[in-house]
Amino acid sequence: MGSESTDDAAPPLIEEDWAVFLDVDGSLAEHAPTPSDVRIDPQLMQALPKLAELCGGAVALVSGRSIQALDDLFAPLDIAAMAGLHGLERRGHGGAHAAPEMGADFLELARQAEAIAAEYPGALVEYKGGCLFLHWRSAPDAAASFSSFAERVREQLAGHRLHPGAHGIEIRPIGVDKGIAIAAFMEEAPFRGRRPVFIGDDPADEPGFAVVNAFDGVSVLVGGDRPTSARYRLDNPRRVRQWLFASLDRKQAA
Ligand SMILES: [Mg+2]
């Protein structure tokens with residue numbers, strides 16, 4: 001993670017030769033008490049296909065959610081390119097890379113996490129493909145129990161890392177992050193050779209900012225007054241949507 005701070009500047013409008021990578025929760029859509037309460041703005045639903053058309057199909061969602069959850073959230077839109085579970089699973093124009101199967105040890109840990117969650121109404125456990133997400137946005141009292149559980153998991157589960165966040169903690173296989181996912185897309189058509197832009201709000205988005213910066217791209221932090229390697233900033237998901245709409249409007253007017 002870089003230590004330079006943002007210059008508080010809004011990013012330039014999207015150009016036709018860009019590759020657009022978008023985090024979802026907290027970036028395109030406002031956070032909600034639980035992930036299943038998040039809704040996608042109807043105007044954004046209309047704009048995403050136009051954005052893909054503008055950029056030759058080089059638009060991908062890059063999220064901590066699973067690809068299945070993203071498809072459900074954006075239904076009936078058919079979004080071709082997605083990285084789910086921080087890139088553990090990826091779907092591009094040239095095919096898909098599925099998350100690996102979960103072992104019995106991992107499933108047992110997930111069951112233990114669910115037993116903890118049951119003690120705190122609103123606490124939430126998600127797991128898929130070797131990722132375990134413990135959410136306490138709606139149950140702050142669960143933070144201490146979940147955090148100490150995650151520490152125990154790290155000791156038991158080789159090859160995994162903890163990623164603490166403001167409202168939860170994630171346990172992910174080493175070598176899985178949004179930067180690696182974006183770099184993989186950038187090796188494939190239609191992303192290859194384009195200037196990448198990545199919009200994200202979370203510490204988990206920092207590896208994405210670093211990769212985009214390495215391509216001399218446009219890294220954009222949403223909200224958040226914290227150290228970041230993002231070069232631009234937008235205040236909230238509404239501002240992100242306005243920036244997308246303005247990019248489309250300008251092209252329509254041209
Ligand atoms: Mg986010």
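Here is a short chat about the domains and salt bridges of this predicted model.

Trainee: How many residues of domain 1 are in contact with domain 2?

Mentor: Start with the domain assignment: domain 1 takes in 18-88 + 177-253, and domain 2 covers 104-173. Their C-alpha centres lie 25 Å apart. On the domain 2 side, 12 residues take part, and on the domain 1 side the number in contact is 12.

Trainee: Which residues of domain 1 lose the most area to domain 2?

Mentor: Between the two domains, about 970 Å² gets buried, with carbon and sulfur atoms giving 63% of that. Three residues of domain 1 together make up 41% of what that side buries, and they are Leu85, His86 and Leu88.

Trainee: What is the count of salt bridges between domain 1 and domain 2?

Mentor: There are polar links across the boundary, with 3 residue pairs in polar contact. Sorted by class, the side of domain 1 that touches domain 2 has 6 nonpolar, 5 polar and 1 charged residues. Searching the whole structure turns up 17 salt bridges, but between domain 1 and domain 2 the count is 0.

Trainee: Which residue forms a salt bridge with Asp71?

Mentor: Look for a partner whose closest N and O atoms are 2.9 Å from those of Asp71. Asp71 belongs to helix α2 (residues 67-74), and the partner, 20 residues apart from it, belongs to strand β4 (residues 89-92). Asp71 is partly exposed, with a relative accessible area of 22%. The partner is Arg91.

Trainee: How many residues apart in sequence are the parts that Arg231 and Asp216 tie together?

Mentor: Arg231 and Asp216 form a salt bridge, with their closest N and O atoms 3.8 Å apart. Arg231 is in the loop between β11 (218-222) and β12 (232-234), while Asp216 is in the loop between α6 (206-214) and β11, so the pair ties together parts whose separation in sequence is 15 residues.

Trainee: Which residues are linked in a network of salt bridges?

Mentor: Besides pairs such as Asp23 with Lys178, there is a linked group. Its members are Glu15, Glu16, Arg250 and Lys251.

Methods
Residues are numbered from 1 along each chain as its sequence is written. This is a predicted model: local features need pLDDT of at least 70, side-chain atom pairs count only at pLDDT 80 or more; totals for chains, interfaces and linings use all residues. Side-chain values use heavy atoms; hydrogens and water are left out. Domain bounds come from an automatic or database domain assignment. Contact means heavy atoms within 4.5 Å. Buried area is the accessible area (1.4 Å probe) that two parts lose on being put together, summed over both. A salt bridge is a side-chain nitrogen of Lys or Arg within 4 Å of a carboxyl oxygen of Asp or Glu. A polar contact is a pair of N or O atoms within 3.5 Å; within protein, one must be able to donate a hydrogen and the other to accept it, and residues adjacent in sequence count only if both atoms are side-chain atoms. Ala, Val, Leu, Ile, Met, Phe, Trp, Tyr, Cys and Pro count as nonpolar, Asp, Glu, Lys and Arg as charged, and the others, Gly among them, as polar. Helices (H or I, at least four residues) and strands (E, at least two) are DSSP runs, numbered from the N terminus. Buried means under 20% relative accessible area, exposed over 50%, partly exposed in between (1.4 Å probe, protein chains only).
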